[in-house]
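Have a look at it first, then read on.

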There are 2 protein chains.
Amino acid sequence: MIDYNDKVTRHYQNVSETCIHYLSIDGVIFGFHQNQLNVLLLRWKGTKEWLLPGGFIKKAESVDVAARRIMQERTGLDQLYLQQFHVFGEAVRYNQAETWQKMNLPTQNVNWSERTISLGYYALVEHSKVIPAPDFLTEECRWWQLKQIPGLLFDHNHIIAVAIESLRKQLGDQPIGHLLPESFTIPELQRLHETILGYPLDARNFYKKMMASGALERLPERRAGTPHKAPYLYRFDPAFSGRVADPATL
Amino acid sequence: MIDYNDKVTRHYQNVSETCIHYLSIDGVIFGFHQNQLNVLLLRWKGTKEWLLPGGFIKKAESVDVAARRIMQERTGLDQLYLQQFHVFGEAVRYNQAETWQKMNLPTQNVNWSERTISLGYYALVEHSKVIPAPDFLTEECRWWQLKQIPGLLFDHNHIIAVAIESLRKQLGDQPIGHLLPESFTIPELQRLHETILGYPLDARNFYKKMMASGALERLPERRAGTPHKAPYLYRFDPAFSGRVADPATL
DNA sequence: TATCTTTACGTCAAAAGTACGTAAAGAATT
DNA sequence: AATTCTTTACGTACTTTTGACGTAAAGATA
C-alpha cells in the first residue's frame, strides 16, 4: 500500500508538471445496451469506489483534444461523438477529506490543487465497440446501467445527472444515431429515444416522424432472427446533416 | 510608458499569485438600445485596441462568482443575468506576438501562461442602467453596436459570434426580458426578438404568441409620448418561470 | 375633417402533432 | 395445417400550432 501510494504520488507529481492545475476533464461516456442507457465507470485501485473517467489537460493541449484523448483511452475507440456540456466550477464541489479517505489517499501526499474546476464532456458511443480499459489509478472499468449506478466519488453522480439533462435537450436538435450501430431498425431507434426521454412513444407516430425527417435511409436488408416480423434496417443518411425532428413531441 | 509597463507587470504578478493560471473568463455583456444589440467593450490603455471585459478566477472562488464579479465591475450592476455558453480551449487561439504588440506589451514582461483557456459567459443587462467603467488596464469602456464592432484583441470577435449564436438558441428556451426595462410594450419586445434573430416578425402573430405564452402581465398604464396609438405596458410575470414559446417560428 | 401609422385584436388555411386502425409477416400454439 | 399472437409498416382522422393576412380603434399629422 505504501508502494502504491508512492506510485500515486509520483503520478500526480508528473501530472502536476505537465498539466494545467486547477482544471480537469470529466467524461460521461454513454452507451446503449439492452434498452438501457449505460455509463462507463472506473473503480479506484484498492477500493470499492467508482468514478467517472477523467484526466487533465496538458499545458499546450487543446481542451477538446484532451477530452478526446481521455475518452479514447478508456474505450479503445478512435472515433467518438463528444459534446462539452457544462463547467463545474463551484469553489467547493464535494467533501475532500471524505473523498480522500474513500480513495485511500493520504491527504498530505496528494500534491495537487485545493480545488478543481471540471469541464464536463459527454460521449455517445456504440456500446458493443467499446473495450473498457482502466487507467493507471483504477483497477476496473465497466459499464453501469444508469439506474444502478452507486454513490460515486467526488460530485460525479451530479455530473452524470447534468449530462443526461443536456443529452435530453440535445435529442431534439441533432440526429442521435451515435449510440446505435451503423444500421438499426426503427423500433430499436425508438427504444433509444424512449430510454433517453424516460417515457414511451407511440410506434406509429415515431415511425412517421422519423420518415418525415428525411434523415434515415432504408437498407435492402431486414433484421434477421427476430421473434416476429423482420423489421427493415436503416441508417442515418450520411448526406443528411440537418436536424431530426423533436422526438419529445412524439 | 516604462512606468505603465511596470504597473502592468506588477498587476499580472499579483494576478499570477492569487488567480488560477491558464484559465480566464471573457464576458459578452449584451445591451439593447435603439433597436440594436450592443456589446460592452474596453479599450486597452495607450492604444486604440478594443477587447471584451474579462478577468481571472481566484484560487478559491467559484467560477460563476468570478464571472459575476467581473461583469459587475464593468457595469456597476449588482444584479445581472449570466449565462455560461462556451469554453474556448484551443491550444492556439490567436497570434500572441501580434496581440502583445498591439497592446504595447513587451513580451518578456508578461509573466503569464503561454496559453489561456477562456470560459465564455454572456450577460443580458438593461442598457440604460449600466454605468460603464474601465478596469485597471483599460482607459475606456463603452457600448458598441454589434454591427460596428471593430477588429478586437485576442479572439474576441469570435467569442462574440459564438455568444450570439448561443443567445439565439436560448431565445426559444427562456423568457428573454433581461435586456428590456422592467416594463415594456409588445412592439418593443418584438424589436428585441427581431434584432436577436436577425429577421422581421409578423406583429399580429408575435402578439398572439406572447399572449399565449402566459409569461406576460399587462399593466394598467400605456406608454405615453408615442407618435401613434399608445401601446400598453407589460412585464414578465414574476410568478411565471416557464418557457416563452419559440419566437423563431413566429 | 381626412389621412396616416400603429396597436390590438381576429380569421382562416396549412402544417404539425397525436390518437388510434389495420393488414402483413413471422413465430408459437392448437 | 390452421389458429393465435406479437410486431412491423403504413394509414386515417382529429386536434393543435403555426403563419399569412384582415381590420377597427387610437392617436398624431396634414
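## Helix packing beside the DNA

In chain B, α5(B) and α6(B) pack with their axes 10 Å apart, at an angle of about 105°. The axes here are lines fitted to C-alpha atoms, for helices over the stretch in contact, and angles run from 0 to 180 degrees between N-to-C directions. Helices (H or I, at least four residues) and strands (E, at least two) are DSSP runs, numbered from the N terminus.

A word on the ground rules: this is a predicted model, in which local features need pLDDT of at least 70 and side-chain atom pairs count only at pLDDT 80 or more, while totals for chains, interfaces and linings use all residues. Residues are numbered from 1 along each chain as its sequence is written, and chains are lettered from A and ligands numbered from 1 in the order in which they are written.

Which residues of α5(B) and α6(B) meet? From α5(B) come Ile186(B), Pro187(B), Leu189(B) and Gln190(B), and they meet Ala203(B), Phe206(B), Tyr207(B) and Met210(B) of α6(B). Contact means that the C-beta atoms of two residues, placed from the backbone, lie within 7 Å. This contact of α5(B) with α6(B) has seven nonpolar, one polar and no charged residues. For these classes, Ala, Val, Leu, Ile, Met, Phe, Trp, Tyr, Cys and Pro count as nonpolar, Asp, Glu, Lys and Arg as charged, and the others, Gly among them, as polar.

Over in chain A, the axes of α5(A) and α6(A) come within 10 Å and cross at roughly 105°. That makes α5(A) roughly perpendicular to α6(A).

Leu167(B), Arg168(B) and Leu171(B) of α4(B) meet His193(B), Ile196(B) and Leu197(B) of α5(B). The angle between α4(B) and α5(B) is about 130°, and they are therefore oblique to each other.

| Helix pair | Angle | Axis distance |
|---|---|---|
| α5(B) and α6(B) | about 105° | 10 Å apart |
| α5(A) and α6(A) | roughly 105° | within 10 Å |
| α4(B) and α5(B) | about 130° | 9 Å apart |

Now for the DNA. DNA strand C is surrounded by 22 residues, and the closest are Arg204(A), Lys229(A), Pro187(B), Arg204(B) and His228(B). A residue is near a strand if its C-beta atom, placed from the backbone, lies within 6 Å of it. The elements giving two or more residues to that surface are α6 of chain A, plus α5 and α6 of chain B. By class, the surface near DNA strand C has 10 nonpolar, five polar and seven charged residues.

Finally, the two chains together. Chain B superposes on chain A by a rotation of 180° with 0.1 Å of shift along its axis (RMSD 0.1 Å), which is the relation of a two-fold axis. The superposition is by least squares on the C-alpha atoms of residues with pLDDT of at least 70 in both copies. In chain B, His21(B) has the C-alpha nearest the axis, 3.7 Å from it.

The contact between the chains takes 17 residues from chain B and 18 residues from chain A. On the chain B side, α2, β5 and β6 are the elements that give two or more residues.

Key. Parallel < 35°, antiparallel > 145°, perpendicular 65-115°, else oblique.
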